[in-house]
Amino acid sequence: MSNVKEPGTLTEQGKEIAHNMAEVFDISSQIWQRFLAGQLQEGTPKHPDPLNTWPTFAELYRTMWDNPQQVADKTIEFWAAQQQLWQNAMLKWLGSKDAVETLDLPHMLKPDRRFAHKEWTENALFDYLKQSYLLTSGWIQDTVGSVGEMDPKERRKAAFYTRQFVEAMNPANFFALNPEVLEATATEKGENLVRGLKMMLADLERGKGKLLIRQTDMDAFEVGRNTAVSPGRVVWQNEILQLIQYAATTETVYARPLLILPPWINKYYVLDLNPKKSMVKWLTEHGYTVFMVSWVNPDERHGQLSWEDYIFEGASAAIDKALEETGQKSLNLVSYCIGGTLAGTLLAWMGRTGDKRVASSTFFTAQHDFEDAGELQIFVDEHILEVVGEEMEQGFMPAEKMANAFNMLRANDLIWGYMVSNYMLGKDPFPFDLLYWNANSTAMPARVHRFYLNEFYIRNAFAKGELTVRGEPVTLADIKGPVYHMATREDHIAPAASVYRGAKEMNKAKVRFVLSGSGHIAGVVNPPVLGKYQFWTNDDMSNPTLEDWLKGAAETPGSWWGDWDDWLKVRSGRKVAAREPGAVLGAVEEAPGSYVRVRFDRS
């Protein structure tokens, strides 16, 4: 009997591939329809260029037009490098011993982890694609960043959006150009694409026509079950916050309590992710009475809340209640990111008015001088503020708007990597508590957010002495008392150089400035037990820049938490018997409370 198939018949494997490809086509149609429905529901956008990029690129094009020789020189340099690359690729294809593994060419970027698959190096075609992309994207970014003279802020904006473009054009993002995706599709007979497109359709449904990329398994975690689990009680609340007091884990505690003001852009429990990473747990184990502010996740009811409401009905009221609960006259105040910006304005007002309720203040990655406030500044100008105002007509900034902006700062990791892994390789996102927290975004009250963008990012009013609190002008020099100011070296949200500049301007306070390794989250949430990273210290704050300060700094391996504990405990008073949460104020509910559980991001 012959094993030859009749013309036109399919093997079982062929039938499986055909079935999967038919399903891919069907799901793709559904995705397209859902996307179009979402766009129609949105209507015609009021602002075709909401991020106001056109003036920036018009300025860039004018600069390049005014410098033809420089552009020509760079273009000739680029094509010469491309010729070298092509010649080397040909030698590789021919198996010549003269071929070089990796050429050292001008402006060529280093491969990142997206090129980890062996075919990007071992296969001559994919190796050429990779190296050509790295050369071209490096040349484009160098040209945009160096030709002619431009306003520095416009240059940074052009460079940022250019980087977004070249990262989007990475060959790894395209099905036919990614060897890992092609290999998976052949091995799985297309089932990876079926799974991935089903995931994309589900993410479009969650986003009502907008793609909400899942970065972790959102069903693997639950606030109060396996994250934010430190025991305690909500001892007081108002429309802005719940105040949590954590249970003591030592028989005695320092008399002076510690109050943490976290950012309200994300939820507080990044400081209480799980027992191994929890700063809250570590602090209670070291004898501190810890209070935590859990900010409300605002909706239309909170649209009229102001920055001063957050100062006085929020932070200041929490201070009063923590002192009332513990019977103390002063406490140690800790603040993080935008919570630190708020704390700075409160402390300046307290300095002006002689308020002694704060004995010491600690700032984690908190900016106060926004002259050069990093890449987030790219998203803020008068035009964008107008667009933001229209988006907040309902009284708050939707949670996903802020999440999208932060994801753009690290698009390779937080957008494109998941586009390939989720939708092309069909892999379920790995359960990761930090990414769960990152996806558990919060909305922003309209007036508070507009004030923050205008007064700090645009006007830099605090550093210039033009900010007022209850009609009283306040400056960074009004902040008094001992200050522990820490920044992180790789911070893309609160750049360390910017944090240092603000710390220097607190010239009436006794400031200890500490620089930690890693970034905005990992550099802060770095328990000593992990033995990761390092930190730098230097008591000399006369250095004009962070770079100068670092030259005389001492480097210590591991976490900075121990250094902070040494600084904090001598400012925390005598030891007293451990306190029961809510012994004076009573208990509203058990920690983590209800405010932190409210979600509006449709994930």
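How many residues lie between β1 and β2 in the hairpin that they form?

Modeller: The model is a predicted one. In the hairpin formed by β1 and β2, 3 residues lie between the strands. Strand β1 covers residues 232–237 and strand β2 covers residues 241–246; the two run antiparallel and are joined by 5 bridges.

Strand β17, residues 589–590, pairs with β1 in the antiparallel sense, over 2 bridges. Within that pairing, Val-234 has Glu-589 of β17 as its bridge partner. In a regular strand, side chains alternate between the two faces of the sheet.

Ala-228 is in the loop between α8 (191–206) and β1. Its phi is near 55 degrees, a positive value in a residue that is not glycine. Ala-228 counts as buried because its relative accessibility is 2%, and the cut-off for buried is under 20%. The peptide bond that joins Ala-591 and Pro-592 is cis, with omega about 10 degrees.

Next comes strand β3, residues 252–254, which contains Val-253. Val-253 is buried, since its relative accessibility is 1%. Leaving aside residues up to four places away in sequence, Val-253 touches Ala-248, Gly-287 and Thr-289, together with Arg-574, Lys-575, Val-576, Ala-577, Ala-578 and Arg-579. For the pair Val-253 and Arg-579, the separation is 326 residues in sequence and 7.8 Å in space, C-alpha to C-alpha.

Helix α18, residues 496–504, has as its buried residues Ala-496, Ser-498, Val-499, Tyr-500, Gly-502 and Ala-503. These buried residues pack against β12 (481–488), β13 (509–516) and α19 (546–551). Strand β14, residues 534–537, contains Thr-537. Thr-537 counts as buried because its relative accessibility is 14%. Its contacts, again without residues up to four places away in sequence, are Arg-512, Phe-513, Val-514, Trp-549, Ala-553, Ala-554 and Asp-563.

The surface gives a contrasting case. Trp-86, Met-90, Trp-93 and Leu-125 make a nonpolar surface patch of about 390 Å². Helix α3, residues 68–93, supplies the largest share of this patch, 3 residues. Met-90 is in helix α3. With a relative accessible area of 32%, Met-90 is partly exposed, because that class lies between the buried limit of under 20% and the exposed limit of over 50%.

One more positive phi belongs to His-107, at near 70 degrees, again in a residue other than glycine. His-107 sits in the loop between α3 and α4 (119–122). His-107 is partly exposed, with a relative accessible area of 27%, whereas Ala-228 is buried at 2%.

To return to the part you asked about: β1 is bridged to β2 in a hairpin and to β17 in an antiparallel pairing.

Definitions and conventions:
Residues are numbered from 1 along each chain as its sequence is written. This is a predicted model: local features need pLDDT of at least 70, side-chain atom pairs count only at pLDDT 80 or more; totals for chains, interfaces and linings use all residues. Side-chain values use heavy atoms; hydrogens and water are left out. Two strands pair if DSSP finds at least two bridges between them. Helices (H or I, at least four residues) and strands (E, at least two) are DSSP runs, numbered from the N terminus. Patches are made of residues with over 30% relative accessible area and no salt bridge: like charges are joined within 9 Å, nonpolar side chains (Val, Leu, Ile, Met, Phe, Trp, Tyr) within 5 Å. Accessible areas come from the Shrake-Rupley method with a 1.4 Å probe; for residues, only the protein chains shown count as cover. A salt bridge is a side-chain nitrogen of Lys or Arg within 4 Å of a carboxyl oxygen of Asp or Glu. Buried means under 20% relative accessible area, exposed over 50%, partly exposed in between (1.4 Å probe, protein chains only). Contact means heavy atoms within 4.5 Å.
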